[in-house]
Each structure stands twice: as structure tokens, then as C-alpha cells.
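The sequence and structure are shown first.

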Amino acid sequence: MQPRNMSMSGVVDLAAVKAAQEAKTKAEQARAEAARQGGGTGAVSPASLVIDVDEAGFERDVLQRSTEVPVVIDFWAEWCEPCKQLSPLLERLALEYAGRFVLAKIDVDANQMLMQQFGIQGIPAVFAVVAGQALPLFQGAAGEAQIRGTLDQLVQVAEQRFGLTGLTVDPDAAPGEAQAAPEVPAGPYDALLEAAVQALDAGDLAGAVQAYKNVLSDDPANMEAKLGLAQAELLQRVQSVDPQQVRKDAADKPGDVRAQIAAADLDLVGGHVEDAFGRLIDTVQRTAGDDRDAVRLRLLELFEVVGADDPRVVAARRALARALF
């Protein structure tokens with residue numbers, strides 16, 4: 001998900017919701033699946049209307065949740081003085097709106113990758129995610145009346161365009177009372193994921209790749225399958241290469257995109273993570289068009305292998321952005 005540039009107006013731009021009908025369909029399917037499995041129907045505690053979110057939980061706590069209820073994101077930091085006025089106001093409104101939206105609080109100091117992905121130049125900054133679609137709401141200080149107007153329009157958009165009527169809040173639960181988490185049954189893809197792991201352990205890389213792809217064909221957002229597929233495909237790529245020849249080709253042909261990509265794969269498998277990233281970022285700077293795009297895509301694949309929260313990935317993402325723009 002890549003949000004648009006920040007709008008300073010504080011008004012939701014309805015025309016900016018791309019593929020609204022597709023997103024609505026996906027949201028309806030997600031709600032139907034949750035209902036089929038017995039989830040998404042119970043009342044929630046007021047405490048669950050304001051949540052802290054990090055990079056690891058973003059997909060679950062924001063993207064997936066946005067198929068049930070609009071999620072308003074408050075990007076803040078401890079040193080940000082305007083945040084100290086805005087954040088408590090948003091928290092109070094989340095409780096007052098009683099389940100018509102959920103407030104997700106993201107500390108930008110601890111989650112810089114999310115800040116970069118949303119293109120945020122300053123905080124406080126407030127976004128919404130509705131059925132997986134990102135909407136910029138406002139940046140900087142805003143009055144309560146303006147914020148209420150924006151939230152009212154957001155709720156209206158969510159209901160009319162996406163069929164999201166919000167969550168039912170348990171009126172008997174205290175605001176700070178956490179709901180006991182229900183026991184989570186085994187997921188529908190556990191057997192396939194276990195088969196993929198066993199295939200990896202047995203050296204059957206093709207089998208592992210296919211098992212992960214089988215999961216992703218039905219559940220494209222499955223993070224475990226995404227990570228496993230990236231790792232299995234990397235191992236599959238380097239399985240039959242001659243390391244010495246790959247290194248020689250990369251040294252002799254610095255402008256050969258395929259040679260540099262192959263060497264970066266070897267770098268990563270050998271544990272030389274920063275070398276792999278640096279090699280591809282340097283290649284991005286020297287190339288253009290389809291060649292540059294091929295290098296960029298391989299670099300993003302290698303980010304998946306290492307993990308989004310790894311500081312080396314965070315640093316490399318910044319370097320890639322500088323190389324591209």
C-alpha cells in the first residue's frame with residue numbers, strides 16, 4: 001500500500017479513493033469470512049478503540065482491521081509538542097464515536113519505515129485506512145470542529161462506499177478494561193505452511209516455493225508465506241550457480257545488471273547483508289529504465305528476506321529513496 005501525498009486541507013477527498021468498488025468487495029469478503037469463522041461479531045471494549053501499532057503489527061492491526069472499521073492513524077513522537085494536544089483529543093473522540101472508527105497510534109521514532117512509506121514530512125500527521133485504502137486527513141495542529149467534520153465525512157465514506165458500519169462497543173466494559181483474547185484456532189493454511197518448512201528442511205526448494213505460493217494464491221497478505229517464499233526463492237536462485245564465476249562476472253562487468261543481481265544474492269546468502277544492499281543501490285544509481293526497475297525489484301525482494309524491521313533494511317530503504325529521487 002502506497003498512500004498519496006499529504007493533503008493539508010483536512011477534508012477527505014472522495015475522488016482520491018482508487019478502486020473503491022474493488023476494495024469494497026474485498027472488505028465484504030473479509031467480513032463474510034470472519035463471520036463464517038465466528039469472528040468479528042462480538043462487542044469490543046472501549047479500550048480496544050485506541051491501540052498502539054508498530055511495523056510488525058501494521059498489517060494485522062491496521063490493514064486487516066480496516067476491512068471491518070475505519071482506522072485513523074495518529075503519527076506522533078514524544079518530543080512533538082503539538083502531538084501532546086492532538087493525541088489526547090483524538091483518543092477522546094475515538095471513545096465518543098463509540099466504534100465508528102479505531103485510532104491507531106504510531107510512534108515515528110520507533111517506526112521510521114512506516115513514516116517513510118506514508119511520505120510524512122512532519123508531525124503530527126493523521127491518515128485513515130478504509131478497506132485497505134489510505135486517505136490523508138490532515139497534518140499539523142487542527143481545531144476540534146475541523147477534526148470532527150473530517151471524522152464525520154470519513155465515517156460517511158466508510159459506510160456508503162464500503163459498507164463499514166463500525167464496531168459494537170460493550171457499554172458495560174470500563175474504558176481501560178481489556179477484553180480477554182479468544183482462543184485462536186489453527187489457521188486454514190497451517191498445514192501448507194508446515195509442509196513448506198519441511199520441504200525447506202529437506203532441501204526441496206521447488207516444493208517449498210510451490211507450497212508458499214499455494215498459500216498466497218488464496219491469502220495474498222499472509223506475511224509468513226511472503227517471507228518464506230522470498231527466502232526459498234533466494235536459495236533456489238543460488239543453488240546451481242558457480243560462486244567464483246558470479247563474483248568474477250560482477251567484478252569484470254560493473255554495468256551488467258544481471259551480474260550485479262546474481263552477486264547480491266550470493267552476498268545475502270553468505271550473510272553479507274549490507275554488501276548486498278549496497279551493491280544493488282549503487283547499480284540503481286548507474287542504471288535507468290527497465291534495468292533500474294529490475295534492480296529495484298530484486299532489492300525489495302531481499303528486504304523481504306531480511307525483514308522490514310531490521311535496521312539494515314531501514315537504512316537501505318532510505319538510501320534507495322535517495323538513489324531513485
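## Strand arrangement

Strand 2, helix 3 (residues 81–96) and strand 3 make up a β-α-β unit that is right-handed, meaning that, with the strands pointing away from the viewer, the path from the first strand over the helix to the second runs clockwise. Helices (H or I, at least four residues) and strands (E, at least two) are DSSP runs, numbered from the N terminus. The model is predicted: local features need pLDDT of at least 70, side-chain atom pairs count only at pLDDT 80 or more, and totals for chains, interfaces and linings use all residues. Residues are numbered from 1 along each chain as its sequence is written, and side-chain values use heavy atoms, with hydrogens and water left out.

The pairings below require at least two DSSP bridges between two strands.

| Strands | Sense | Bridges |
|---|---|---|
| Strand 2 and strand 3 (residues 102–107) | parallel | 6 bridges |
| Strand 2 and strand 4 | antiparallel | 5 bridges |
| Strand 4 (residues 125–130) and strand 5 | antiparallel | 6 bridges |

Phe75 stands opposite Ile106 in strand 3, while Val72 has Ala128 in strand 4 as its bridge partner. Ala125 is bridged to Gln139 in strand 5. Strands 4 and 5 form a hairpin with 2 residues between them, and Ala131 in the turn has a positive phi of about 50 degrees.

In strand 2 (residues 71–76), 6 of the 6 residues are buried, so the strand is largely enclosed by the rest of the structure; buried means under 20% relative accessible area with a 1.4 Å probe, protein chains only. Val71, Ile73 and Phe75 lie on one side and Val72, Asp74 and Trp76 on the other, all buried.

Methods:
Buried < 20%, exposed > 50% of the residue type's maximum accessible area, 1.4 Å probe, protein only.
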